[in-house]
Amino acid sequence: MHLWSNTLTVTLDFLVISRFAFGQVNRSAWKCKTDSFQGYGSHGEKHDCAKAIDSNDTTFWHSEWYPDAAPLPHNLTIYLGKKYNITRVTYLPRQDGSRIGNIGDWKIALSVNNVDWNRFFGSWPDDQQLKTFDFPDPIPARWLTIAAYTEAGNGINRTSAAEFNVFATMLPNRTAAAPQEPTSSKAAQPSEKPDSKDKNPLGTVGTVFTVLGGLAALGTLIWSIVKYCFGNRPSGRTEHVNQPLD
């Protein structure tokens, strides 16, 4: 923005502070499917894909390893129940002390219609810490697929996950405006003509002070602009707010 006067031209840069509010998507309506899971483990437990979306860190989805290990890649698809504007996906590796199956190279794909997909690729390290991927912009989706291309550490072509979570933008509920009462069919009556002395109830003195006040405000504005341009500029920041979505 440029402000001109007869003697001074000031260039003013605008500072934009981004507030990107999002929350965790409710998982009560989620459904999942996978191309590989271990029916029953060594202790008789089932490691199907539902174990990766059950809000229980002690259970986990695991690709089939017995009697024969299923080859990579391994895919897990989640139906979210309705459309969300997705901003983040998190992956929690298994938390039982083993790193077998930790996802290394991966693809995350999002779709509204289960036909056209937005695809993103990355890689995670071989540890048991929570992994996070933030999308550059909110992506509308009803379906989400996580594909594991490699195992992060062991290299024995297995995949496991304790939990996947999805986050989406929190949009305010729009309330329709309340209907207005119908107006009377009678034509509006013209208001009485004001007396000329009411045009400026403060009189001449008030007019003078009004003009002086305007000039003072203009001086303050110019001073603020100069101080902004030649003084210290604040820096922008992005704020994240985590709150469950209904």
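Author: A contact here means heavy atoms within 4.5 Å. Keep in mind, too, that this is a predicted model.

Reader: Happy to. Among contacts between residues at least 6 apart in sequence, what percentage join residues at least 24 apart?

Author: Let's start with the layout: the protein chain has 1 helix and 12 strands. Along the sequence they follow the pattern β-β-β-β-β-β-β-β-β-β-β-α-β. Of the contacts between residues at least 6 apart in sequence, the share that joins residues at least 24 apart is 79%.

Reader: Is leucine 144 buried or exposed?

Author: Leucine 144 sits in strand β9. Setting aside neighbours within four places in sequence, its contacts include Leu76, Ile78, Val89, Ile108, Trp117 and Val166. The cut-off for buried is under 20% relative accessible area. Leucine 144 has a relative accessible area of 0%, so this residue is buried.

Reader: Which tryptophans does phenylalanine 164 touch, not counting residues up to four places away in sequence?

Author: With residues up to four places away left out, it touches Ile78 and Ile103, among others.

Reader: Now to the cysteines: how many residues apart in sequence are the parts that the disulfide ties together?

Author: The count comes to 1 disulfide, and it joins cysteine 32 to cysteine 49 with an S to S distance of 2.3 Å. Cysteine 32 belongs to strand β4 (residues 31-34), whereas cysteine 49 is in the loop between β4 and β5 (61-62), so the parts tied together are apart in sequence by 17 residues.

Reader: Which cysteine of the pair is buried, and which is partly exposed?

Author: A residue counts as buried under 20% relative accessible area and as partly exposed between that and 50%. Cysteine 49 has 8%, so it is buried. With 23%, the partly exposed one is cysteine 32.

Reader: How far apart in space are leucine 144 and cysteine 32, C-alpha to C-alpha?

Author: In sequence, leucine 144 and cysteine 32 are 112 residues apart. In space, their C-alpha to C-alpha distance is 9.4 Å.

Notes. Residues numbered from 1 in each chain as written. Predicted model: local features only at pLDDT ≥ 70, side-chain atom pairs only at ≥ 80, totals over all residues. Heavy atoms only, no water. Disulfide = S-S within 2.5 Å. Helix = DSSP H or I, 4+ residues; strand = E, 2+ residues; numbered from the N terminus. Buried < 20%, exposed > 50% of the residue type's maximum accessible area, 1.4 Å probe, protein only.
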